Amino acid sequence: MKRLSTARTTLPFALSALFSAAMAAPAAQAADVNIYTSRQPELIQPVLDAFSEETGLTTATIFIDKGLEERIKAEGANSPADLIMTVDIGRLDAAKQAGVVQPVDSAVLTKNIPEHFRDSEKEWFALTARGRVVYASKERVDADAINYEELADPKWKGRLCTRSGQHQYNIALIAAYIAHHGEEAAREWVTGLRDNLARSPEGGDRDQAKAIFAGECDVAIGNTYYVGQMMTNEKEPAQKEWANAIKVIMPTFDNGLTHVNVSGVSLAKNAPNEENAIKLMEFLSSDTAQKIYAEPQLRVSRRARYRDVGSRQIVRRT
Ligand SMILES: [Fe+2]
C-alpha cells in the first residue's frame with residue numbers, strides 16, 4: 001500500500017488542475033480521495049457528502065468530459081487521480097483498455113454488487129443502471145408494449161425520433177442488440193430504424209420527447225431518468241408538457257429484459273490514496289449510498305405515479 005504524503009499528493013494535483021484549467025472546472029483541491037469524473041459533479045456530490053460524514057475523509061472531484069484516459073496516461077505515475085467515475089459501459093471499458101485502472105479485491109464490493117454488474121477482472125464496478133426505453137405519444141400510440149426489434153418495423157415509418165446513433169447511449173444499445181442477435185441482424189435493425197426516422201437524429205433524449213409533444217414523431221428512444229428530470233424541471237416548465245405528452249414503454253429483448261447502461265467506478269492505476277479510495281468504492285456500493293442515488297428519483301416517481309423512471313439501484317435494498 002502507498003503511504004499517504006501531503007507533499008506527494010497535493011502538488012501534482014494542484015499542478016494538473018492548473019494545467020488543465022480549460023477542461024477541468026472547477027479546479028479541485030487535493031483531498032483524501034481525488035476523483036476524476038465525467039459525471040456532472042452535482043449529481044454525485046450528495047453521495048460524496050454522505051461518505052465524508054460517515055468517515056471524516058474529504059473528497060475532491062475534477063470534471064473531465066472528454067479525454068479522461070489520455071489525461072491520466074499523460075500524468076503517469078504522478079497522477080493524483082484515485083478514482084474514475086463515469087457513465088456508460090463503453091467508457092468504463094475504455095479506461096480498462098487504456099490501462100489506467102487497476103483491479104480491486106474487495107469482499108464488500110463482491111458481496112454488494114451482482115456479478116453481471118462488475119468486471120470479471122475487477123477493474124470496474126457498476127453503481128447505477130438506467131434503462132434505454134421507448135417514449136411513445138400518449139395520444140397517437142395505443143400499444144403499451146413494444147420490443148426493441150419492433151422499432152425497425154415499417155409500421156413506424158416516418159414516426160421514429162432519436163438522438164445520434166453515434167452517441168454512447170445508442171452505441172451501447174446497438175452493442176446489446178449485437179449481443180442478442182449478432183452483427184448481421186443488428187445491421188438490418190439499424191437500417192430499419194434509419195428508414196423509420198421522422199427527421200434526422202438531433203438533440204438529446206429530452207428533445208425527442210419535445211418532438212413527440214410537437215407532433216413531429218410518435219415514438220422515440222430515450223433513457224428513463226430524463227422523464228423524471230423533465231417532470232420536475234422548474235427552470236424550464238415546458239419540459240413538464242413534453243413529459244406529459246409521452247408514456248414510457250419498457251422494451252425488452254427476447255430474454256424478457258430491458259437494456260440498461262451503467263455508471264460505475266474504477267480505481268486509478270497510480271492512485272496515491274488507494275486505501276481511502278477503496279473505502280469510497282465500498283461506500284458507493286452500500287445501501288446507504290444506493291438509497292441516496294435512488295431517492296430523488298423515487299420522489300419523482302411518486303409524483304409522476306410512474307414506477308420506473310429513475311436510475312435503478314444496483315444493490316438490492318433489504
Ligand atoms: Fe444522460
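Where does Asp-88 lie? Asp-88 sits in the loop between strand S3 (83-87) and helix H4 (89-97), where helices (H or I, at least four residues) and strands (E, at least two) are DSSP runs, numbered from the N terminus. These legends describe a predicted model, in which local features need pLDDT of at least 70, side-chain atom pairs count only at pLDDT 80 or more, and totals for chains, interfaces and linings use all residues. Residues are numbered from 1 along each chain as its sequence is written, and side-chain values use heavy atoms, with hydrogens and water left out.

View 1. Most residues other than glycine have a negative phi. You'll find Lys-122 in the loop between helix H5 (107-112) and strand S5 (125-137). Lys-122 is partly exposed, at 33% relative accessible area.

**View 2. Helix H2 and its bend at Val-47.** H2 takes in 15 residues, 41-55, and its end C-alpha atoms are 20 Å apart, in agreement with the 21 Å it should span at 1.5 Å a residue (the expected span is 1.5 Å times one less than the number of residues). H2 bends by about 30 degrees at Val-47, the bend being the angle between axes fitted to the seven residues ending there and the seven starting there. Buried residues of H2 include Ile-44, Val-47, Leu-48 and Phe-51. Next after H2 comes Gly-56, with a positive phi near 80 degrees.

**View 3. Strand S9 and its antiparallel pairing with S3 and S5.** Eight of the nine residues of S9 (residues 260-268) are buried, so the rest of the structure largely encloses this strand. Two strands pair if DSSP finds at least two bridges between them. S3 and S9 pair over five bridges, with Ile-84 opposite Ser-266. S5 and S9 pair over six bridges, and here Thr-128 stands opposite Ser-263.

**View 4. An aromatic cluster of Tyr-148, Tyr-177, Trp-189 and Phe-253.** The whole structure holds five aromatic pairs, that is, rings of Phe, Tyr and Trp (its six-membered ring) with centres within 6.5 Å; planes under 30 degrees apart count as stacked, over 60 as edge-to-face and the rest as tilted. Tyr-177 and Trp-189 are stacked, because their ring centres are 4.1 Å apart and their planes at 10 degrees. Tyr-177 belongs to helix H6 (residues 168-181) and Trp-189 to helix H7 (residues 183-196). Trp-189 is buried, with a relative accessible area of 2%. Tyr-177 also forms an edge-to-face pair with Phe-253, at 5.8 Å centre to centre and 65 degrees between the planes. Phe-253 lies in the loop between strand S8 (246-249) and S9, so this pair ties together parts that are 76 residues apart in sequence.

Definitions and conventions. Buried means under 20% relative accessible area, exposed over 50%, partly exposed in between (1.4 Å probe, protein chains only).
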